[in-house]
Amino acid sequence: MAKIEDLVLNASQNYANAIGISIDQLIDHVLDLYKKGYDKESVVSILSQVDLEQVVYKGAMVSAAVEELMGAYPAVLKSMEMTGSMTGEFLAAMERAERSSIIAYSNGIIQETRRRLMGHVLKGSSRERMAYDLYQSGVYSQREVIAHINTTLSNYSRAVVVKMSESDPRDRKYHYLGPLDEKTRPICLEMLAAGEVELGDIDNLFPGSLSDGGGWSCRHRW
């Protein structure tokens, strides 16, 4: 059975790659407009009006990457030990919220890319300068995108655990799961070393960890 962290990492890397390809393609679209004879003002006007979401989702694999991400949610569920009560309605609601969040996140990157590209057109920037700015300034960072998606999927798995725990007895034994490597936080090392912990004691010993793990981008769960 695949580990949750492996499922999450694969889906997040593929999504990040798709976003990166989409930004490269948008830069090339701008350069193509120059080649066709459009001046700076015309290119800025076109960029301001074009439906970039449609362009990106149709031609840059982002739509397929989002669908792959959504496919990771049931895979995450299959890799989990289901101990408490869970309804299909709850899971469907969670997945709808996650889809909306991922699409909004994608659109945010696209819109910030539009804004910066328009600025580069006005400055007459080279392709190298455009790419450097978009990849180095925080508009797009593969590491940050992977961390964001990793956190989204990991939070989902922890939300399922929290929901299941509502029907578990307070003396049910839980243990902390996830990788043990150079990226593991000290608090997660402590929880991994704790062994079996009664559900009723988790929040007293490690406040908030049932829903948040060790914090942002944590790969672990109870």
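The following dialogue examines how the terms applied to this predicted model rest on computed values.

Biologist: What is the overall make-up of the protein chain?

Modeller: The protein chain contains 10 helices and two strands. Along the sequence they follow the pattern α-α-α-α-α-α-α-β-α-β-α-α. The C-alpha trace spans about 70 × 35 × 30 Å along its principal axes. Of the 222 residues, 41% count as buried.

Biologist: Why is Ser12 called buried?

Modeller: Buried means under 20% relative accessible area. Ser12 has a relative accessible area of 0%, and therefore it is buried. Ser12 is found in helix 1, residues 4-35. Apart from neighbours within four places in sequence, Ser12 is in contact with Leu69, Ile146, Ile149 and Asn150.

Biologist: Why is Ser45 called partly exposed?

Modeller: The term covers values between the limit for buried, under 20%, and the limit for exposed, over 50%. Ser45 has 31% relative accessibility, so it counts as partly exposed. This residue belongs to helix 2, residues 40-49. The C-alpha atoms of Ser45 and Met118 are 8.8 Å apart, although 73 residues separate the two in sequence.

Biologist: What makes Ala64 count as exposed?

Modeller: Exposed requires over 50%. The relative accessibility of Ala64 is 51%, so Ala64 counts as exposed. Its place is in helix 4, residues 62-78. Ala64 and Tyr15 are 49 residues apart in sequence and 8.7 Å apart in space, taken from C-alpha to C-alpha.

Biologist: Which residues does Tyr15 contact, leaving aside its neighbours within four places in sequence?

Modeller: Tyr15 is in contact with Ala65, Val66, Leu69, Ile102, Tyr105, Ser106, Val145 and Ile149. Tyr15 also belongs to the largest nonpolar core, which has 59 residues. Within this core, Tyr15, Leu117, Leu153, Tyr156 and Trp222 touch the most other members. Helix 1 gives the most to this core, with 11 residues. In soluble globular proteins, nonpolar side chains tend to be buried together.

Biologist: How do you know that helix 5 has close to its expected reach?

Modeller: Helix 5, residues 88-123, has 36 residues. From its first C-alpha to its last it reaches 53 Å, and 52 Å is expected at 1.5 Å a residue. The two values are close. Just after helix 5, Gly124 takes a positive phi of about 70°.

Biologist: How do helix 5 and helix 6 meet, and which residues make the contact?

Modeller: The axes of helix 5 and helix 6, residues 127-136, come within 10 Å and cross at roughly 150°. Helix 5 contributes Thr113, Arg116, Leu117 and His120 to the contact, while helix 6 contributes Arg129, Met130, Asp133 and Leu134. By class, three of these residues are nonpolar, two are polar and three are charged.

Biologist: Why is Ala194 called partly exposed?

Modeller: The relative accessible area of Ala194 is 33%, which lies between the cut-offs of 20% and 50%, so Ala194 is partly exposed. Ala194 lies in the loop between helix 8 and strand 2. A separation of 38 Å is found between the C-alpha atoms of Ala194 and Ser106, which are 88 residues apart along the chain.

How values were computed:
Residues are numbered from 1 along each chain as its sequence is written. This is a predicted model: local features need pLDDT of at least 70, side-chain atom pairs count only at pLDDT 80 or more; totals for chains, interfaces and linings use all residues. Side-chain values use heavy atoms; hydrogens and water are left out. Helices (H or I, at least four residues) and strands (E, at least two) are DSSP runs, numbered from the N terminus. The expected span of a helix is 1.5 Å times one less than its number of residues. Axes are lines fitted to C-alpha atoms, for helices over the stretch in contact, and angles run from 0 to 180 degrees between N-to-C directions. Contact means heavy atoms within 4.5 Å. Ala, Val, Leu, Ile, Met, Phe, Trp, Tyr, Cys and Pro count as nonpolar, Asp, Glu, Lys and Arg as charged, and the others, Gly among them, as polar. Buried means under 20% relative accessible area, exposed over 50%, partly exposed in between (1.4 Å probe, protein chains only). A nonpolar core is a set of buried Ala, Val, Leu, Ile, Met, Phe, Trp, Tyr and Cys residues joined through side-chain atoms within 4.5 Å.
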